[in-house]
Number of protein chains: 2
Amino acid sequence: MDPDSPQDMAALLKALGEANRMSLVYELCDANAPQNAMCLCSCCDVDASVVSRHLKVLAQEGVVTSERKGREKTYALNREELVRSLRALADKIERTCHDEGRM
Amino acid sequence: MDPDSPQDMAALLKALGEANRMSLVYELCDANAPQNAMCLCSCCDVDASVVSRHLKVLAQEGVVTSERKGREKTYALNREELVRSLRALADKIERTCHDEGRM
DNA sequence: GACATATTTGCACAACTATGCAAATATAGG
DNA sequence: CCTATATTTGCATAGTTGTGCAAATATGTC
């Protein structure tokens, strides 16, 4: 993920820019341990298959990581990476020619 | 915009989660003065009407502000608001139960 | 192997979205 | 008023996306 690439950044934010997916992210955010899909199901009122697909989208963009745990699959937020990307964007927006002429 | 609301946050990121719109944002990011739509057109290879619509979406989510300047309309990034929202999300992701047990 | 539980996949479908083009509107300058 | 330039809107369209249901798959338990 190159934060200087609008395409890359758009792809990441697109994955996050859906209400149910964002709910999953918030749910994982509050959880202090990886959660399985069944558990995550509770935060958005959709079929389990839909949750599965949303998690797949999030995984493809590197937002979450998954691990097989027996017959369950646990998901965890990829916090570092996600925070880095969001901060990079915020920095870019804040910094660029905001204090031009003052440096 | 309530950063604690997954719905609100998703709506914002959805507006940003499209390649051409993100290109517009990056273009405005690098510009040190408000730009009109014709000028912004150059950064994404689409019709002027499409740019107009994308800018409308960004304006509706508060990403940009616009102002009539004669027959042109100039657009500027709403930097503070945008940065605040992105940082709020990053903070939320980073903070939550990341150092639980260490406080 | 039979069964239970968790997740994924195939399929269908409705809704949404990005796009281009042409027409409409807004505004400035003669 | 006419013309030129900038932006928006109406319309059609192709492509994408979120969704549910049922079937398939994976894995654990007995």
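These are my notes from looking through a predicted model, taken one topic at a time.

**Helix α4 of chain A**

I started with helix α4 of chain A, which covers residues 48-60. I wanted to check its length first. At 1.5 Å a residue, its 13 residues should span 18 Å, and the end C-alpha atoms do sit 18 Å apart, so the two agree.

Next I asked myself which residues of α4(A) are buried. I found Val51(A), His54(A), Leu55(A) and Leu58(A). Looking down the axis of α4(A), I saw that these buried residues fall within an arc of 100 degrees, so they line one face of the helix.

Gly62(A) follows α4(A), and its phi is positive, near 75 degrees.

**Around DNA strand D**

I counted 21 residues surrounding DNA strand D. The closest come from both chains: Val46(A) and Gly70(A), then Asn36(B), Ser49(B) and Ser52(B). For elements giving two or more residues to this surface, I noted α4 of chain A, plus α3 (37-41), α4 (48-60) and β3 (72-77) of chain B. Which element gives the most? It is α4(B), with 5 residues. Sorting the surface by class, I got 9 charged, 6 polar and 6 nonpolar residues.

**The sheet in chain B**

I found an open sheet of 3 strands in chain B, in the order β1-β3-β2, with antiparallel pairing. Here β1 (35-36) and β2 (64-69) stand at the edges with a single partner strand each, so one side of each has no neighbour in the sheet. Zooming in on β1(B) and β3(B), I saw 2 bridges joining them. Gln35(B) stands opposite Tyr75(B) of β3(B).

**Where chains A and B touch**

Last, I looked at the contact between the chains, which takes 31 residues from chain A and 31 residues from chain B. On the chain B side, the elements giving two or more residues are α1 (6-16), α2 (19-30) and α5 (79-95). I noted that α5(B) gives the most, with 10 residues. By class, this side of chain B has 17 nonpolar, 8 charged and 6 polar residues.

Note on methods: Residues are numbered from 1 along each chain as its sequence is written. Chains are lettered from A and ligands numbered from 1 in the order in which they are written. This is a predicted model: local features need pLDDT of at least 70, side-chain atom pairs count only at pLDDT 80 or more; totals for chains, interfaces and linings use all residues. Helices (H or I, at least four residues) and strands (E, at least two) are DSSP runs, numbered from the N terminus. The expected span of a helix is 1.5 Å times one less than its number of residues. A residue is buried if 20 or more other C-beta atoms lie within 10 Å of its own, exposed if 12 or fewer, and partly exposed in between; C-beta atoms are placed from the backbone. The arc is that of the directions from the helix axis to the C-beta atoms. A residue is near a molecule or strand if its C-beta atom, placed from the backbone, lies within 6 Å of it. Ala, Val, Leu, Ile, Met, Phe, Trp, Tyr, Cys and Pro count as nonpolar, Asp, Glu, Lys and Arg as charged, and the others, Gly among them, as polar. Two strands pair if DSSP finds at least two bridges between them. Two residues are in contact if their C-beta atoms, placed from the backbone, lie within 7 Å.
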